[in-house]
Amino acid sequence: MDSSEHGSPVISPGVAIGGTLPPGLTEEEAEEIQVELTKVDDEIQTLRQVLMAKERHAAELKRRLGISPLSEIKQNITKGWHDVQCSNAYMRTSQTLGDLNRRVTSSNLYLTASATLEDIGRSDAYKRTQETLSQAGQMTSAAFSTVGSAIRNRFGEMRALPYSNSG
């Protein structure tokens, strides 16, 4: 198998890619480097083939265990979120925001605004708006539920299909 199949051009003995040898490099050294490059390219190709075979095998094992790509994504996201929550930066930020929240909610401005909002919450206009938005929310929730059911059914259909990894 010649190295041009792996992305490295074949260099004629004594000639570099540009047509001449780089300064300080003899023809013999260039030939040795070319032979080594060919070997490395062959090893890379072999490793790619082995990796592809291992990935196919891992996918088959996961399929046999019932591990779906969706469950893997869910697990990765859960682990990632846990790692974020355990990080020093997150914990410091959470503490700072908690302190800020306590200061804001105990301020006179907040207490006055809160009382004003309570008055607004008792008004007829607010109650009508709240009812309208509640109905819109219920309709949206029903629509999302329908879409979720359709997606769940489609995933079920896809899961029932034979697994093929021809990538």
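Reply: Helices (H or I, at least four residues) and strands (E, at least two) are DSSP runs, numbered from the N terminus. This is a predicted model, where local features need pLDDT of at least 70, side-chain atom pairs count only at pLDDT 80 or more, and totals for chains, interfaces and linings use all residues. Residues are numbered from 1 along each chain as its sequence is written, and side-chain values use heavy atoms, with hydrogens and water left out.

Me: What follows H1?
Reply: Gly-66 does. Its phi is positive, near 80°.

Me: Which H1 residues are buried?
Reply: Ala-30, Gln-34, Asp-41 and Ala-59. Buried means under 20% relative accessible area, exposed over 50%, partly exposed in between (1.4 Å probe, protein chains only).

Me: New topic. How many aromatic pairs?
Reply: One. Trp-81 and Tyr-90 have ring centres 5.8 Å apart and planes at 80°, so they sit edge-to-face. Rings of Phe, Tyr and Trp (its six-membered ring) pair with centres within 6.5 Å; planes under 30 degrees apart are stacked, over 60 edge-to-face, the rest tilted.

Me: How accessible is Trp-81?
Reply: Trp-81 is partly exposed at 46%. Tyr-90 is partly exposed too, at 31%.

Me: Which element has the lowest mean pLDDT?
Reply: Helix H4, residues 108–121, at 83. H1 has the highest, 95. pLDDT is the predictor's confidence in each residue, from 0 to 100. The protein averages 84.
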